[in-house]
Amino acid sequence: MSKESRVIHLQKELIQLKNFETLKALNWMIGIMNADNGYSRHDGSHYYYHLVDGCQDLINHGITDQNTLTAFVLHDSIEDIVDSTGKRVITTGLLKEKFNAEVALLVDGVTKMENVNYKDGKELEKYLAYILQFSKMCLIKTADRKHNFSTLEHASPKKEMRQARETKEYFIPFFKKARKMHPEYSAYFHSAKTAIVPHMKKIFKYHEELSERDKRIEELEFKLSLLIKGEK
């Protein structure tokens with residue numbers, strides 16, 4: 001299925017589900033978070049494909065709650081939609097006005113705060129610990145990480161490795177805790193683990209092989225330099 005046909009398929013499915021608020025949110029994000037406006041994925045494609053694919057994945061696993069799907073579609077809106085000065089332009093109040101209080105609360109809950117370094121493990125743990133309290137936030141964050149991990153082949157090697165380490169240390173335990181705390185969605189949290197772990201292992205293996213190769217090259221270059229010095 002092509003990228004744009006996936007968009008059309010989701011739009012039709014949302015209509016069938018009578019999830020008109022989710023459809024409204026999706027069309028809003030398509031109009032803003034597209035490559036023409038500077039919102040693109042690692043491969044240069046429209047950013048909203050991430051929203052489409054993650055939303056579809058939730059539906060495919062039987063999660064059709066309108067507020068959950070709407071909040072997923074909007075989950076990056078506060079954090080990533082900015083003006084020319086880099087200032088955030090979407091607020092919780094605006095989302096509450098355009099949709100409802102629960103959607104606004106869910107999006108706010110998964111939005112990372114400004115001026116906080118989430119590469120710091122302690123900060124990331126606090127962020128995930130808060131999300132764990134709410135089943136719908138857990139679904140949104142899981143769908144987000146699950147889809148992001150599936151597209152890492154387009155990321156830089158540095159980001160790919162950072163995401164793999166971060167996922168192993170923080171998100172795999174997060175999925176496990178979410179399964180225990182929200183057993184009604186256990187199958188979805190488990191699906192994220194089973195989808196991510198094989199890919200994660202391949203990333204670790206690939207980077208380990210690269211490291212061994214680079215180490216071997218350094219050893220050979222050192223030996224060669226000694227031979228050259230000996231000849232002189």
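The model I have open is a predicted one.

**Entry 1: H9 against H10**

I looked up this helix pair first. Two packed helices are described by the angle between their axes and the distance between the axes. For H9 (residues 135-150) and H10 (residues 157-181), I get axes that come within 11 Å and cross at roughly 145°. The crossing of H9 past H10 is left-handed. On the H9 side I listed Cys-138, Lys-141, Thr-142, Arg-145 and Phe-149 as making the contact. H10 brings Gln-163, Ala-164, Glu-166, Thr-167, Phe-171, Phe-174, Phe-175 and Ala-178. I sorted the residues of this contact by type and got seven nonpolar, three polar and three charged.

**Entry 2: the core**

The largest one has 63 residues. Which residues have the most contacts inside it? They are Leu-58, Leu-74, Leu-95 and Phe-174. H10 supplies the largest share of this core, eight residues. Phe-174 had already turned up in my list for the contact of H9 with H10.

I then picked Leu-74 and left aside its neighbours within four places in sequence. Leu-74 is in contact with Ala-25, Trp-28, Met-29, Leu-95, Phe-99, Val-103 and Val-107. So much for the general picture: in soluble globular proteins, nonpolar side chains tend to be buried together.

**Entry 3: H3**

I checked the length of H3 (residues 48-60). H3 is mostly covered, with twelve of its 13 residues buried. I noted that the buried ones include Tyr-48, His-50, Asp-53, Gln-56 and Asp-57. Leu-58, one of the core residues with the most contacts, is also on the buried list for H3. After H3 comes Gly-62, with a positive phi near 85°.

**Entry 4: positive phi outside glycine**

I also looked for this in residues other than glycine. Lys-18 has a phi near 60°, and I found it in the loop between H1 (3-16) and H2 (20-32). Is Lys-18 buried or exposed? Its relative accessible area is 62%, over the 50% cut-off, so I call Lys-18 exposed.

Asn-115 has a positive phi too, about 65°. Asn-115 lies in the loop between H7 (101-110) and H8 (121-131). With a relative accessible area of 84%, Asn-115 also counts as exposed.

How values were computed. Residues are numbered from 1 along each chain as its sequence is written. This is a predicted model: local features need pLDDT of at least 70, side-chain atom pairs count only at pLDDT 80 or more; totals for chains, interfaces and linings use all residues. Side-chain values use heavy atoms; hydrogens and water are left out. Helices (H or I, at least four residues) and strands (E, at least two) are DSSP runs, numbered from the N terminus. Buried means under 20% relative accessible area, exposed over 50%, partly exposed in between (1.4 Å probe, protein chains only). Axes are lines fitted to C-alpha atoms, for helices over the stretch in contact, and angles run from 0 to 180 degrees between N-to-C directions. A crossing is left-handed if the near helix is turned anticlockwise from the far one by less than a right angle, and right-handed if clockwise. Contact means heavy atoms within 4.5 Å. Ala, Val, Leu, Ile, Met, Phe, Trp, Tyr, Cys and Pro count as nonpolar, Asp, Glu, Lys and Arg as charged, and the others, Gly among them, as polar. A nonpolar core is a set of buried Ala, Val, Leu, Ile, Met, Phe, Trp, Tyr and Cys residues joined through side-chain atoms within 4.5 Å.
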